[in-house]
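Try each one before reading its solution.

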Amino acid sequence: MDHFNMIKEISDGKLYRAEDMVNAGAGGCKNCSWCCEDMCDSIFLDPYDIYSLCQGTGKEYTELIDGDYLEIGLHKLISMPHIKDRGNGCGFLTEHKRCSIHDFRPGICRLFPLGRYYHDDTFSYILQTRGCKAEVRDEVKVRDWLEIKDLERYEEYMLKWHAVVKKLSGFMMKPAEPGVKKRTHELFLKHFYEIPYDLSKDFFLQIYERIEAWKRDCNSQMLCL
Ligand code: SF4
Ligand code: SF4
């Protein structure tokens, strides 16, 4: 089955852009917190999520890890932080089953039940038909559903980030000398997550500099990505 046919299996088969209307609205998730309780280990975080979480919570990345909110897992064979399942779901979920960080929640939380489908050097949004427990879905504009400031710049960044992940994931699939993959994981985490972002400065400029610095560092350590 080709990739688009696989996407059709899990979605309504349509591709959406930011200005399109889509039946994604979960009606405020009334009495439901299923995805916050059951999906945490699959909510992987990109650098923009970390920047936003640090800004919103006032905590540093290492505090979020040490505080049991996040943990490192393998996403597409790459070490990456994700929301930690504490046994009863995400640590940002309140006792009333609401998200305590709604304004700066991660990208995957913003998207769901939407997803992204990357194709032809761009991506489209898809509507996943499995997962969300809402019985009735409202029609919403994709842009409004995401509530992401500066969406055009964010989308441009997502494409560049996807290219980094794809390249690294391809590298991780190949055989390598002992220790090489461990070093590759460490460099990735250091450049994109562990070195603190300057929260007073624009994220997008910082990430593009970091992508270049990461590539230089990989080359200098003979990691041929
Ligand atoms: S960050 Fe918020 S929306 Fe995302 S899983 Fe946790 S509680 Fe749910
Ligand atoms: S499963 Fe759907 S309705 Fe339930 S919390 Fe998640 S998005 Fe909201």
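**Exercise 1.** Where is Lys174 found, and is Lys174 buried or exposed?

*Solution.* A note on the ground rules: this is a predicted model, where local features need pLDDT of at least 70, side-chain atom pairs count only at pLDDT 80 or more, and totals for chains, interfaces and linings use all residues. Residues are numbered from 1 along each chain as its sequence is written, while chains are lettered from A and ligands numbered from 1 in the order in which they are written.
Step 1: Lys174 sits in the loop between helix H7 (151-173) and H8; helices are DSSP runs of H or I with at least four residues, numbered from the N terminus.
Step 2: Lys174 has 9 other C-beta atoms within 10 Å, so Lys174 is exposed (12 or fewer; buried means 20 or more, and partly exposed lies in between, with C-beta atoms placed from the backbone).

**Exercise 2.** How do the axes of H8 and H9 cross?

*Solution.* Step 1: the axes of H8 (residues 180-194) and H9 (residues 203-220) come within 9 Å and cross at roughly 155° (axes are lines fitted to C-alpha atoms over the stretch in contact, with angles from 0 to 180 degrees between N-to-C directions).
Step 1: that makes H8 roughly antiparallel to H9 (angles over 145 degrees).

**Exercise 3.** Which residues surround ligand 2?

*Solution.* Step 1: among them are Cys29, Cys32, Trp34 and Lys133 (C-beta atom, placed from the backbone, within 6 Å).
Step 1: by class, the shell around ligand 2 has 8 nonpolar, 1 polar and 1 charged (Ala, Val, Leu, Ile, Met, Phe, Trp, Tyr, Cys and Pro are nonpolar; Asp, Glu, Lys and Arg charged; the others, Gly among them, polar).

Note on methods:
Helices (H or I, at least four residues) and strands (E, at least two) are DSSP runs, numbered from the N terminus. Angles under 35 degrees count as roughly parallel, over 145 as roughly antiparallel, 65 to 115 as roughly perpendicular and the rest as oblique.
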